[in-house]
Amino acid sequence: MPDGLIDSLPHSREFHTAILTFDGFNELDSLIALGVLNRIKRPGWRVTLAAPTARVTSMNGVTLEATATLEEAAQADAVLVGSGIRTREVVADAALMARLALDPAHQLIGAQCSGTLVLARLGLLGTVPACTDLTTKPWVQEAGVRVLDQPFFADGNVATAGGCLASPYLAAWLIARSEGIAAARGALHYVAPVGEKDDYVARALAGVAPYLPVAATPA
């Protein structure tokens with residue numbers, strides 16, 4: 001991908017999104033994003049769970065097999081960093097953090113809840129404010145990042161979300177950036193509660209649209 005802001009991309013190209021998933025992960029973050037992103041059904045679209053080991057176990061005892069390595073995630077078109085109860089252990093592990101070679105000049109990068117702490121410690125947020133969950137908030141602030149009281153925020157190619165059920169916002173942003181707003185609307189509509197679909201989609205896109213390039217915003 002070229003340097004600078006990544007605009008909506010041609011629908012026919014290969015596009016790999018890696019969801020970073022560590023031991024102690026929150027299922028709602030990694031798996032809701034996985035489900036929403038996989039509403040895109042086209043050749044070349046691929047979503048993986050990238051982990052530091054072959055298997056990881058969630059905060060509630062669910063064990064998953066990784067479908068990508070952290071090194072493969074470093075080459076992905078987009079990376080989402082999920083949260084979990086062991087994130088402070090992750091950021092304290094220098095060898096593990098060294099494997100997270102993420103680059104917003106060439107990737108779309110998003111983080112959910114304590115995943116925001118990972119981005120902060122990697123130096124990917126700088127002076128840009130961010131979203132996170134209430135438990136992680138003081139840790140992100142200690143890392144020098146101003147925390148916003150809202151579910152979603154993006155600056156250029158980096159986005160953050162706060163609260164487990166803000167995961168669809170993060171997924172919608174990524175889909176809108178890569179496939180266009182109509183695709184994001186369709187993915188959200190599929191997962192939204194019956195009887196509330198139009199309201200849900202409108203609310204979610206209202207939260208995401210201000211942070212999209214002009215070409216990707218709703219008409």
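Tutor: Ala192 is buried, because its relative accessible area is 5%, and buried means under 20%. This is a predicted model, and every value below is computed from it. Ala192 sits in the loop that runs between helix 8 (181-191) and helix 9 (197-208). Apart from neighbours within four places in sequence, Ala192 is in contact with Lys197 and Tyr200. Both numbers fall in the range given for helix 9 (197-208).

Cys113 has a relative accessibility of 2% and so counts as buried. Its backbone deserves a look as well: the phi of Cys113 is positive, about 50°, although the residue is not a glycine. In general, most residues other than glycine have a negative phi.

Two further loop positions are partly exposed. Arg86 is found between strand 6 (78-81) and helix 3 (87-92). With a relative accessibility of 36%, Arg86 counts as partly exposed, since that class lies between the 20% and 50% limits. Leaving aside neighbours within four places in sequence, Arg86 is in contact with Asp23 and Gly24. The C-alpha atom of Arg86 is 7.8 Å from that of Phe22, and the two residues are 64 apart along the chain.

Ala66 is in the loop between strand 4 (63-65) and strand 5 (68-69). Its relative accessible area is 26%, so Ala66 is partly exposed. Once neighbours within four places are set aside, the contacts of Ala66 are Leu49, Ala51, Thr53 and Ala54. Thr135 is 69 residues from Ala66 in sequence, and the C-alpha atoms of this pair are 27 Å apart.

Now the setting of these loops. The protein has 9 helices and 9 strands. Its radius of gyration is 16 Å, close to the 17 Å that the globule rule gives for 219 residues, so the protein is as compact as a globular protein of that length. The C-alpha trace spans about 45 × 40 × 35 Å along the principal axes. Of the 219 residues, 53% count as buried, and Ala192 and Cys113 are among the buried ones. Taking contacts between residues at least 6 apart in sequence, 65% join residues at least 24 apart.

As for the surface, the protein exposes about 9600 Å², and carbon and sulfur atoms supply 55% of that area. The 16 positive and 21 negative charges have mean positions 2 Å apart.

A last point concerns confidence. The average pLDDT of the protein is 92, and 92% of the residues score at least 70. Over residues 1-10, however, pLDDT stays under 50. The model has 33 contacts beyond four places in sequence for residues 1-10.

Technical notes:
Residues numbered from 1 in each chain as written. Predicted model: local features only at pLDDT ≥ 70, side-chain atom pairs only at ≥ 80, totals over all residues. Heavy atoms only, no water. Helix = DSSP H or I, 4+ residues; strand = E, 2+ residues; numbered from the N terminus. Rg over C-alpha atoms; globule rule 2.2 N^0.38 Å. Buried < 20%, exposed > 50% of the residue type's maximum accessible area, 1.4 Å probe, protein only. Contact = heavy atoms within 4.5 Å. Areas by Shrake-Rupley, 256 points an atom, 1.4 Å probe, with all protein chains shown as cover. Lys, Arg positive; Asp, Glu negative; His and termini not counted. Charge placed at Lys NZ, Arg CZ, Asp CG, Glu CD. pLDDT = per-residue confidence, 0-100.
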